[in-house]
Amino acid sequence: MSKRVSITVSVNGQSYTQLVEPRMLLSDFLRHELGLTGTHVGCEHGVCGACTILLDGRSARSCLTLAVQTDGADIQTVEGLGTIEHLGRVQQAFRDHHGLQCGFCTPGFVMTITDMLLHHSLDTDDEIREALSGNICRCTGYEHIVNAVRELARERASFK
Ligand code: FES
Ligand code: FES
C-alpha cells in the first residue's frame with residue numbers, strides 16, 4: 001500500500017484536511033471520504049461528464065483528477081449550489097423546464113452550466129449545444145436542457 005498523503009481542500013466552503021492514497025480519484029474522495037454523493041460517476045474515463053465539479057471556479061472531471069492534485073484548491077459540488085428547499089438558479093431552471101428524467105447526468109450538467117454561464121457565450125442554440133457537448137444524457141434528448149439554458153442565458157443577458 002502506498003503512503004497516504006495529507007491534503008487540505010475547501011469543498012462547498014468547508015475546509016477538510018484528510019489523508020488520501022496518492023492514486024485516489026477526486027470523485028471517490030468526494031463520494032466515499034466526504035459523503036458528497038451528488039457527484040455521480042458514469043464512465044470513469046472522462047467521457048460522460050456526470051462527475052463534473054468546479055475546481056477553482058472552472059468545470060473539471062473529478063474522475064480524471066487525483067485528490068492529491070487538489071491540495072489547496074477550492075471545490076464546489078452540486079451540494080453547494082442549493083438544497084431541496086432552496087434550489088440554486090440552474091437547478092430551478094432544470095426543474096421548470098423538465099430538464100431531467102432519471103437525473104443521473106443532472107449534477108454534471110448543472111455544474112457545467114454554472115461554469116458556462118460565467119465563461120462561455122450562450123447567445124445561440126448552437127453555442128448552448130456546444131457548451132453542453134461534453135456532457136452525455138441518455139434520457140432527455142437534450143431539448144429541455146437546452147430550453148433551461150436558453151432561459152438562464154437570457155436572464156444573464158438582462159443583467160449585463
Ligand atoms: S464519470 Fe467522469 S466523465 Fe464520466
Ligand atoms: S436524465 Fe437520465 S441520463 Fe440524463
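A residue counts as buried when its relative accessible area is under 20%, and as partly exposed when the value lies between that limit and 50%. This cut-off is applied below to a predicted model.

**An aromatic pair**

Searching the whole structure gives 1 aromatic pair. Its members are Phe-109 and Tyr-142, in a tilted arrangement with 6.3 Å from centre to centre and 55° between the planes. The two residues are 33 residues apart, and the pair links distant parts of the chain. Phe-109 belongs to helix α3 (residues 106-119), while Tyr-142 sits in the loop between α4 (125-131) and α5 (143-159). Phe-109 is buried because its relative accessibility is 0%. Tyr-142 has a relative accessible area of 28%, so Tyr-142 is partly exposed.

| Pocket | Volume | Lining residues by class |
|---|---|---|
| Largest pocket | about 210 Å³ | 7 nonpolar, 5 polar, 2 charged |
| Second largest pocket | about 160 Å³ | 8 nonpolar, 3 polar, 1 charged |

In the largest pocket, 14 residues form the lining, and Leu-87, Gln-91, Leu-100, Thr-106 and Val-110 are the closest to its centre. Helices α2 (89-96) and α3 each contribute at least two residues to the lining of the largest pocket.

The lining of the second largest pocket includes Cys-48, Cys-102, Cys-105, Cys-137 and Cys-139. Also among its lining residues are Gly-42, Gln-101, Phe-104 and Arg-138. Domain 1 (5-80) and domain 2 (89-158) each provide at least three residues of the lining of the second largest pocket.

Notes. Residues are numbered from 1 along each chain as its sequence is written. Chains are lettered from A and ligands numbered from 1 in the order in which they are written. This is a predicted model: local features need pLDDT of at least 70, side-chain atom pairs count only at pLDDT 80 or more; totals for chains, interfaces and linings use all residues. Side-chain values use heavy atoms; hydrogens and water are left out. Rings of Phe, Tyr and Trp (its six-membered ring) pair if their centres lie within 6.5 Å; planes under 30 degrees apart count as stacked, over 60 as edge-to-face and the rest as tilted. Helices (H or I, at least four residues) and strands (E, at least two) are DSSP runs, numbered from the N terminus. Buried means under 20% relative accessible area, exposed over 50%, partly exposed in between (1.4 Å probe, protein chains only). On a 1 Å grid over the protein atoms alone, a cavity is a set of points where a 1.4 Å probe fits but cannot get out, and a pocket is an open set with protein on both sides within 12 Å along at least five of seven lines; lining residues have an atom within 4 Å of a point. Grid points are joined across faces, edges and corners, and a volume is the space filled by probe spheres set on the points. Ala, Val, Leu, Ile, Met, Phe, Trp, Tyr, Cys and Pro count as nonpolar, Asp, Glu, Lys and Arg as charged, and the others, Gly among them, as polar. Domain bounds come from an automatic or database domain assignment.
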